[in-house]
Amino acid sequence: MDTDLVGYRGPTACAAAGITYRQLDYWARTGLIGPSVRTATGSGTQRLYSFRDILVLKVVKRLLDTGVSLQNIRKAVDHLRNRGVKDLANVTLLSDGATVYECTSAEEVVDLLAGGQGVFGIAVSGALRELSGELAELPAERIDGSTVHPADDELSQRRRRRAAV
């Protein structure tokens, strides 16, 4: 099904996003999130929301639930507005209640409220894996002073014993 040619009416969008129709109407009238398939053209016409629109509605609802102000959500949505569904699927939004951060990889976090300002991030799990691999190839020392060799296979042990004699 071509998602650009399919639209969902307001009540369906509300049910899927977990919002009220009043919120949906207000957000559409104020330009936060409008329907991209078909806008209302007068009394009695139905707005049609795309899958992407409903996804953004759901994200907005979750940000509201975490305490982010609607004003800050508007700034974050402006940044995300031009992304496709596939791009949005690779985004994790983080918030401390005051600002909203976009994380697209373990190394990149962007402050959406500071005009896309980059934020330094360190993925501890990635650093842990790298360090484990690096240290596995380097010698270590036990508390008693003896050396621990990383590649302590049987042949290496024999060679060290002969060299020590």
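**Close-up views of a predicted protein chain**

The protein chain has a mean pLDDT of 75, and 64% of its residues reach 70 or more; pLDDT is the predictor's confidence in each residue, from 0 to 100. This is a predicted model: local features need pLDDT of at least 70, side-chain atom pairs count only at pLDDT 80 or more, and totals for chains, interfaces and linings use all residues. Residues are numbered from 1 along each chain as its sequence is written, and side-chain values use heavy atoms, with hydrogens and water left out.

**View 1. Overall layout of the protein chain.** The chain holds 7 helices and 6 strands. Helices (H or I, at least four residues) and strands (E, at least two) are DSSP runs, numbered from the N terminus. Their order along the sequence is α-α-α-α-α-β-β-β-β-α-β-β-α. Of the 165 residues, 25% count as buried, that is, under 20% relative accessible area with a 1.4 Å probe, protein chains only.

**View 2. Confidence by element.** Helix 2 (residues 21-29) has the highest mean pLDDT among the elements, 93. Strand 4 (residues 117-120) has the lowest, 50. Where pLDDT is low, the predicted coordinates should not be read in detail.

**View 3. The largest pocket.** This pocket holds about 340 Å³ of space. A pocket is an open set of points on a 1 Å grid over the protein atoms alone, where a 1.4 Å probe fits, with protein on both sides within 12 Å along at least five of seven lines. Its volume is the space filled by probe spheres set on the points, which are joined across faces, edges and corners. Lining residues have an atom within 4 Å of a point.

**View 4. The lining of the largest pocket.** The lining counts 17 residues, and V59, R62, L63, V91 and L93 lie nearest the pocket centre. Helix 3 (51-65), helix 4 (70-80) and strand 1 (92-95) each supply at least two lining residues. Helix 3 gives the largest share, 7 residues. By type, the lining has 12 nonpolar, 3 polar and 2 charged residues. Nonpolar covers Ala, Val, Leu, Ile, Met, Phe, Trp, Tyr, Cys and Pro; charged covers Asp, Glu, Lys and Arg; the others, Gly among them, are polar.

**View 5. I73 and its surroundings.** I73 sits in helix 4. I73 counts as buried because its relative accessibility is 0%. Leaving out residues up to four places away in sequence, I73 touches V60, L63, L64 and V68; contact means heavy atoms within 4.5 Å. V100 is 27 residues from I73 in sequence and 7.8 Å from I73 in space, C-alpha to C-alpha.

Note on methods: Buried means under 20% relative accessible area, exposed over 50%, partly exposed in between (1.4 Å probe, protein chains only).
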